[in-house]
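Let's take a walk through a protein model and see what its parts are up to. Keep the 3D view open while you read.

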Amino acid sequence: ETYILRGTMSSWWSRFRRDASKWLPHIALGLILLGSLYQTLCHTEAFADDAAISFSYSRQVAETGELIHTASSERVEGFSNPTWTLLVVLGFLLRMDPYIFARAMGVMCMFGMVFLVLRTAKRLCPRAPAAQYAAPLLAAMAPCVCFWTMAGLETPLIGLLIAAAIDQTIREERDPDTPHRSGIILAILALSRPEGIMYAAPIGLYKLLFLLRKPESERREAFRKHIANLLWLLIPVAVYFLWRRIYFAAWLPNTFYAKLHALRLAPLRPETETRGVRYVKGFFELNNLWPLVYASPAAFIVRKHWPEALLLALMAALHVGFLLQIDGDWMGDFRFFAMAIPIYALLLAMVIQGLGDLPLIISEKLGKPDIGRWSAALATTTLLVVFLFQSLFPTLTEYERAGWVSMKLVLRQGLGLEGIARQSGLHRASIAIPDVGG
């Protein structure tokens, strides 16, 4: 009877392990998405007034076919997110409340971003499930992501497009059968945020690195694919710029001229802590992510994936450089970091994988690979637990600790002004000044 019981238990345990490998990842992803949705729905008041600019243009497109702010306005491009503005047109055509439509689209974009981050992390960190799931945890539950998903702006769409660009770029170089279409994603990204085009530079360097590593016999065909992919980026952007020149009589949006002062190149003074420096430091301090910065070289330890570590490092450096140049953002809650969160989430996964690979590398040199595998699994799991309890969980409710204007304060002020106007008998339109181009 003991022998039969042992055999039954062994058979049950084998089936459990086999089946668990199939359904546990789905359960983990579902829990992450549910947690993110809960955190996001806790901030239904987090609507940015800037979203109303896009809504006004979208309404006019749906009702009059003209891309103008109001029915009596001149043709002025007072928005910097053409893709999002045109996407919201769909909400008006469906006769949906634009606020509800924008938030629903934001949640869907956020879910798509989390899925792509997880898929990319599984490719980059195949030996460490703990590292794989650290990436979507940060991408889905970072406070700034949850806040700006409900703000009605294009922030979650940018996060989705950056995650899609990274995922597609890596698949193009690692899977020979993958069609080269990352240029389309980069074109949409460039037409969704003015700075979106800058990510084409590190992606281009990443592709050039793989091109130079190919044999001479394969290089010509690969070069042809890269040129075709580049055209997928350049043609849509060029067509939009030409259409803009014809329709708005300007090569650049009005917001560029209104905010030109933020784009002027000026050397940073090391002895002066600018608002941009405080903005970048504030994100890593408030989210307890400074260990990620200090340990970032460990991402290059991940075997056979140092080109991806270089790609992510260059994208992060470019993003931080951009924030320093524009001197941060006057709005709190780290809107610009919420857009680029896939970059930092995937870097986090690679850092955990790289630190976990250290004991594996050492044990293999000592001729004891079994000990190294157990040590690597223990190390990555420990690092994930440390990340959860030291960085993620303590910051889930921290939205107003930043040393600048919190969006919640702005929203409360707006509600107060609206109440005063209503008590004074004023219509909302009689006191609203459209924020067209600043």
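Start with A249, which sits in the loop between α10 (216-248) and α11 (254-258). One thing to know before you go on: this is a predicted model. The phi of A249 is near 60°, a positive value in a residue other than glycine.

N288 is not a glycine, yet it has a positive phi of about 50°. You'll find N288 in the loop between α12 and α13 (290-294). With a relative accessible area of 30%, N288 is partly exposed.

Now go to helix α12 (residues 275-286) and find helix α14 (residues 306-325). These two helices pack with their axes 7 Å apart, at an angle of about 140°. So α12 is oblique to α14. If you're wondering about the cut-off here, an angle has to be over 145 degrees to count as roughly antiparallel.

Which residues in α12 and α14 meet? On the α12 side they are G276, V277, Y279 and V280, and on the α14 side they are V320, L323 and L324. Sort the residues of this contact by type and you get six nonpolar, one polar and no charged.

## Salt bridges, buried and partly exposed

How many salt bridges does the structure hold? There are 12 of them. Take the one between E66 and R75, whose closest N and O atoms are 3.2 Å apart.

Buried or exposed: what is E195? E195 counts as buried, because its relative accessibility is 11% and buried means under 20%. R193, at 10% relative accessibility, counts as buried as well.

R335 pairs up with D329, and here the closest N and O atoms are 3.3 Å apart. R335 is buried, with a relative accessible area of 9%, and D329 counts as buried at 4% relative accessibility. Elsewhere, salt bridges that share partners join E154, R193 and E195 into one network.

## The nonpolar cores

Time to look at the inside. The largest nonpolar core has 101 residues, and the ones with the most contacts inside it are M113, F337 and I343. Which helix gives the largest share of this core? That's helix α4 (residues 98-124), which supplies 12 residues.

Zoom in on I343. Leaving aside its neighbours within four places in sequence, I343 is in contact with I162, I166, Y199, L312, M315 and A316.

Note on methods: Residues numbered from 1 in each chain as written. Predicted model: local features only at pLDDT ≥ 70, side-chain atom pairs only at ≥ 80, totals over all residues. Heavy atoms only, no water. Axes fitted to C-alpha atoms, helices over the stretch in contact; angles between N-to-C directions. Helix = DSSP H or I, 4+ residues; strand = E, 2+ residues; numbered from the N terminus. Parallel < 35°, antiparallel > 145°, perpendicular 65-115°, else oblique. Contact = heavy atoms within 4.5 Å. Nonpolar A, V, L, I, M, F, W, Y, C, P; charged D, E, K, R; others polar. Salt bridge = Lys/Arg side-chain N within 4 Å of Asp/Glu carboxyl O. Buried < 20%, exposed > 50% of the residue type's maximum accessible area, 1.4 Å probe, protein only. Core = buried A, V, L, I, M, F, W, Y, C linked by side-chain atoms within 4.5 Å.
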